[in-house]
Each structure stands twice: as C-alpha cells, then as structure tokens.
Amino acid sequence: MMPGSSAPAEITAAAALLRAGELVAFPTETVYGLGADARNPLAVRRIFAAKGRPADHPLIVHLAPTVDPAQALSAWAIVDERARLLVRACWPGPLTVVLPRAEGVLDEVTGGLATVGLRMPSHPVAQALLTTFGDGVAAPSANRFGRVSPTTAAHVRAELGDELRVLDGGPCQVGVESTIVDLSGALPAILRPGAVTAEQVQALLGPLAPSSTTRAPGTLEGHYAPHTSLRLSTDPQAEAEALRARGLRVAILPAGDPADHARRLYAELRRLDGLQVDVLVAEPAADEGLGRAINDRLRRAARGAEG
Ligand code: TXA
Ligand code: MG
C-alpha cells in the first residue's frame, strides 16, 4: 500500500487491537502517538513498558472528532467556559487542554493527578481510528522515553520495533508536539509551546500565567534528545568553522520558515544523528509564535544530548 494512506480494513483491525487491550501507533498532525484504550488500566500500563517511561508521567487522551468539540470534553473533564471557547476555536488541531478530571478517569492515564490532558487531532487517519474505536485513546509520542518524537511511520518502527502495529499516515504536517494549555488554575498557563501559539490563546482567553512559573509534569530539561551532542548558535556557519578548526566533525541544522522548520525538525535531528559527526549545530528560530516551540525543543535536545 502507498505510504501516507491507511485502508479501512487496517483501521478496523487497529481499532480491534485497541479493544483487545493492545497498543497501536498512529499518525497525528503533530507527531506519531502510541495509543491504548484510555479506559483499560492494563492497556495503558503497556504504554509505559513499551516506552521505558516512568509511570507517573501523565498521558493525553485523544478524542474522536465531533460536531461540537466542547461536547466531547464532558465525558473526561469538568468543563468551564474558557475550555469551551478554546476547543471550539482550535479543535480538531494541535492543542491539548488540561482540565480537572471527571469521575472514573484512570490514575494510570493522569499519573495520579487531579487533572487530565485532552486533545482532538485533525489527522484523517487518527480521526478514522478514534471514530472506529469509539472512545478515548491515551497516547504519548511513539518514541523511547527522552528521545526525539517520531514524525513518520518508519521513525516509529526504528524506535519501538517491528512487532508493533503502526498505521502509516505519511509525514506529520506540524512536526512538533501539541501546545498544552492548563486551564485548571486561575489563569490559563502554556505548559508546552506548539503550533497553537501563546498569542492565539491570549487573544481568545485573555492574560496568561507567566511562563516561568509553568511546566508540564514529566517534561524534563533533557527531552527530545539526539545521541550526538547538539549546540545552538545564531551563526551556525561560524560556530561550525570554529569546531572544525578543533578537528571535530560537524553537521548544521539551519533555521528557515517556521512552519517548515518545525515540520522537518525531528526528521532532520534523526538524519543528522545518523551521520556520525561529533557535534550538531542548530540555528534557533525567531523566538515568537511557532518559533518558541522549535526553540523549546532545540534547547531540551541540547541539554539532553550532553549527558
Ligand atoms: O502532539 C502531541 O501532544 C502528541 C500526539 C501523539 O498527540 N502527544 C504527546 O504526548 O506529545 P507526550 O506524552 O509525549 O507528552 C504529553 C505531555 C507530557 O509532557 C505530560 O506531562 C503532559 O502532556 N500532560 C498530560 N496530562 C497532563 C496533565 N493532566 N497535567 C499536566 N500535563 C499533562
Ligand atoms: Mg513525548
């Protein structure tokens, strides 16, 4: 079958695996996810085992598309007007909202927190899977813990092996993980920057909590890391020259149009990581809009690759 397509029979089979408590990797517009039935504690625990991820890190529940996205929230969370406004504007799309969880949401999903993260993806293959399955799917990015998120089906297989069922939806169009907006406090807080920008959220909801005070649980400083050491430089050519003068082999990851930069970021980190150079030099994006999400991932990759 052609890459980028997923036949109805494959979707049906994948939904059946989810019902049986098995894991399925699937494409979203941001990155590929590793999904399990969000109502089945044993299935959710399999995610942590497959990723090598600590069990207290909360997962995002993915929801099937609905005519009114706000309506889909109430089975999972205690919903307020801000949440309704935000998801009606941004769903389906690269946005996760964190809300006080409804009764019955599993501790395995929330990492024992009183809140739950929810997202309605726009990728047609994700939507087909979620609709056919008929309930929420808990899914982190489909990579080993701490590593770069996968943006193609081949990346998922390289991370998690050939045994896993992977739906192929082609390369992800956004390329970095969803924006996470925490609506459980007095002011909306951006826990992770993404393609839905702080500017957009602020235009919809008003003032945001200062970003220095907020961080998603389980987003460690050294996340999204390639194996090769990575440095940031606003003049990557000069930096590369200086490093080469010291006898090091160097590859450069240049900036560019932010949407394009984000889309190819993780694939490029993987490719450059495979070149067996000593150092990757990455050029940061302008620190606004989607550029903030790119720089957030680059900074974490730089820290994670040092250790
Ligand atoms: O774009 C995405 O969000 C991708 C695709 C697959 O949907 N998923 C993703 O999942 O990036 P993951 O597990 O790699 O990152 C989820 C982030 C974690 O940093 C976690 O701490 C945060 O979401 N999160 C989930 N539930 C939360 C909650 N209740 N409170 C605060 N943060 C939460
Ligand atoms: Mg992840």
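Guide: Welcome! The mean positions of the 30 positive and 33 negative charges of the chain are 2 Å apart. Please keep in mind that this is a predicted model.

Visitor: What secondary structure does the chain have, and why is it called as compact as a globular protein of its length?

Guide: The chain has eleven helices and twelve strands. Its radius of gyration is 19 Å, and the globule rule gives 19 Å for 307 residues, so the chain is as compact as a globular protein of that length. Along the principal axes, the C-alpha atoms fill a box of roughly 60 × 45 × 30 Å.

Visitor: How much of the chain is buried?

Guide: Of the 307 residues, 53% are buried, where buried means under 20% relative accessible area. The chain exposes about 12,800 Å², with 53% of that supplied by carbon and sulfur atoms.

Visitor: What makes up the largest nonpolar core?

Guide: That core has 49 residues, and L73, L86, W91, V97 and L118 have the most contacts inside it. Elements giving it two or more residues include β2 (33-37), α2 (41-51), α4 (81-90) and β5 (115-119). Apart from it lies another core of 23 residues, among them Y224, L230, A282 and A285. In soluble globular proteins, nonpolar side chains tend to be buried together.

Visitor: Which residues does L118 contact, beyond its neighbours within four places in sequence?

Guide: Its partners include I60, L63, L73, W76, W91 and V97. W91 is also joined to P92 by a cis peptide bond, with omega about -10 degrees. P92 lies in the loop between α4 and β4.

Visitor: Which residues of helix α6 are buried, and what do they pack against?

Guide: In α6 (residues 124-133), V125, A126, Q127, L129, L130 and F133 are buried. The buried residues of this helix pack against α1 (8-19), β1 (24-26), β2, β3 (60-62) and β6 (137-139). After α6 comes G134, whose phi is positive, near 90 degrees.

Visitor: Why is V166 called buried?

Guide: Its relative accessibility is 9%, and the cut-off for buried is under 20%, so V166 counts as buried. V166 is found in strand β7 (residues 165-166). Not counting residues up to four places away in sequence, V166 touches A25, A153, V156 and R157.

Visitor: What makes G52 partly exposed?

Guide: The relative accessible area of G52 is 40%. Buried needs under 20% and exposed over 50%, with partly exposed in between, so G52 is partly exposed. G52 lies in the loop between α2 and β3. Leaving out residues up to four places away in sequence, G52 touches R144 and F145. G52 and N143 are 91 residues apart in sequence, and their C-alpha atoms are 9.4 Å apart.

Visitor: How many of the chain's contacts join residues at least 24 apart?

Guide: Among contacts between residues at least 6 apart in sequence, 69% join residues at least 24 apart.

Methods:
Residues numbered from 1 in each chain as written. Chains lettered and ligands numbered in written order. Predicted model: local features only at pLDDT ≥ 70, side-chain atom pairs only at ≥ 80, totals over all residues. Heavy atoms only, no water. Helix = DSSP H or I, 4+ residues; strand = E, 2+ residues; numbered from the N terminus. Rg over C-alpha atoms; globule rule 2.2 N^0.38 Å. Buried < 20%, exposed > 50% of the residue type's maximum accessible area, 1.4 Å probe, protein only. Contact = heavy atoms within 4.5 Å. Areas by Shrake-Rupley, 256 points an atom, 1.4 Å probe, with all protein chains shown as cover. Lys, Arg positive; Asp, Glu negative; His and termini not counted. Charge placed at Lys NZ, Arg CZ, Asp CG, Glu CD. Core = buried A, V, L, I, M, F, W, Y, C linked by side-chain atoms within 4.5 Å.
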